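Could you walk me through this protein chain as if I were seeing it today?

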Amino acid sequence: GPVELDAAPLAASLDDRYGRRHTYLRISLTERCSLRCTYCMPADGVSLTDARRLLSAEELLRLAALFVRAGVDKIRLTGGEPTVRPDLAAVVGALDGLRPLGLRQIAMTTNGVALSRLLPSLHAAGLDKLNLSLDTLQRGRFLELTRRDALPKVLRAVDAALALGYTPLKLNCVVMRGVNEHEVDAFAALARARPIDVRFIEFMPFDDNDWSDSKLVPSAELLAALSQRQPGLRRLRTDAHDVARTYSWPGAEGSVSFISSMTEPFCGGCNRLRLTADGSLKVCLFGGSEISLRDAMREGASDAQLLSLVSSALGRKHARHAGLASPHDIARTKNRPMTTIGG
């Protein structure tokens, strides 16, 4: 059973040497995905980890409970694509049971393809917040980017989410020069008309995703162009840990946000930890270094021992971007493809 640990050292165990307290855990539920987005997955797919090497639901929930007792108050479920996991609603329901321990929010990032069918059960199980990944509003381009013709399903999921009260609904849009940057106005129109926060994300380098400077559209450039074409954009105040800078227009239903992970990193306010589907802890999205909590659990580690592993990994966390100087260094560093890290 859970080891009773004193609350004070517990909280400090999620601090790093830069005084950042890590209260946000992202859990990848699977490496599998129903799409094959070019910027996320290598063209020939990824070699999936043997199922026995992935965390069981019990292991995942043991770790989630441990992190919540240590001060995590927000959990986001990612993948791969979390909706391909058959026990998704049960996992959400079990996480919902951690609220008395201090969990405040259960969120999920999804491509939306299978979402409209699943959403009522996820909502009932306790899912609070939703991010939908959508890089284009054009059906042909969607097929080209994702290698699947599923845009109508994703747009149905947007409607279903808004109808269930997931507002503001966050739409994650990775902007790539020569691919979709001219759709920014169409996305902005969506944000003005509906309670949607469209988040324009700078294209980031991962293993085999064909990253290059030429595809990177700096957020500052997007913002300047958008302000010029759609005047009246004003900055909104957001949480200090938020990776996005958010803007809106007077009278708009929603907002647009900019996530400048390459040109203006937000590492100083980083409060996130990542647990991969195979049970490794990553303290930085861009760092190749990982620590296997799965192996430790399977070798009989106590909760206190697991927590000290987490603590020592955080003790080595760099001030920014895994200590790498530039996007070019990140592009050259061996890491996993995004789909096996979990967003």
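**A walk through the chain**

The chain contains 12 helices and 12 strands; helices (H or I, at least four residues) and strands (E, at least two) are DSSP runs, numbered from the N terminus. Please keep in mind that this is a predicted model, where local features need pLDDT of at least 70, side-chain atom pairs count only at pLDDT 80 or more, and totals for chains, interfaces and linings use all residues. Residues are numbered from 1 along each chain as its sequence is written, and side-chain values use heavy atoms, with hydrogens and water left out.

Let us begin with the overall picture. Of the 343 residues in the chain, 52% are buried; buried means under 20% relative accessible area, exposed over 50%, and partly exposed in between (1.4 Å probe, protein chains only). Among the contacts in the chain with a separation of 6 or more, 72% come from residues 24 or more positions apart, where contact means heavy atoms within 4.5 Å.

Now to the helices. Two packed helices are described by the angle between their axes and the distance between the axes. Axes here are lines fitted to C-alpha atoms, for helices over the stretch in contact, and angles run from 0 to 180 degrees between N-to-C directions. The axes of helix H2 (residues 57-69) and helix H10 (residues 303-315) come within 11 Å and cross at roughly 70°. That makes H2 roughly perpendicular to H10 (angles under 35 degrees count as roughly parallel, over 145 as roughly antiparallel, 65 to 115 as roughly perpendicular and the rest as oblique). H2 brings Arg62, Leu63, Leu66, Phe67 and Arg69 to this contact, while H10 brings Asp303, Leu306, Leu307 and Val310. Sorted by class, the contact of H2 with H10 has 6 nonpolar, no polar and 3 charged residues; Ala, Val, Leu, Ile, Met, Phe, Trp, Tyr, Cys and Pro count as nonpolar, Asp, Glu, Lys and Arg as charged, and the others, Gly among them, as polar.

A second pair is formed by helix H7 (residues 184-193) and helix H8 (residues 219-229), whose axes come within 11 Å and cross at roughly 65°. H7 is therefore roughly perpendicular to H8. On the H7 side, Val184, Asp185 and Ala188 meet Leu222, Leu226 and Arg229 in H8. The residues of this contact of H7 with H8 divide into 4 nonpolar, no polar and 2 charged.

Next, some individual residues. Arginine 117 sits in helix H4 (residues 115-125) and counts as exposed because its relative accessibility is 64%. Its C-alpha atom is separated by 8.4 Å from that of alanine 157, 40 residues apart along the chain. Aspartate 278, in the loop between strand S10 (272-275) and strand S11 (280-282), has a relative accessible area of 11%, so this residue is buried. The side chain of aspartate 278 makes a polar contact with the side chain of threonine 276 (2.5 Å); a polar contact is a pair of N or O atoms within 3.5 Å, and within protein, one must be able to donate a hydrogen and the other to accept it, while residues adjacent in sequence count only if both atoms are side-chain atoms.

Finally, look at the backbone. Most residues other than glycine have a negative phi, and most peptide bonds are trans. Yet a cis peptide bond joins glycine 79 and glycine 80, with omega about 15°. Another cis peptide bond, with omega about -10°, joins threonine 167 and proline 168. Arginine 147 is not a glycine, yet has a positive phi of about 65°.
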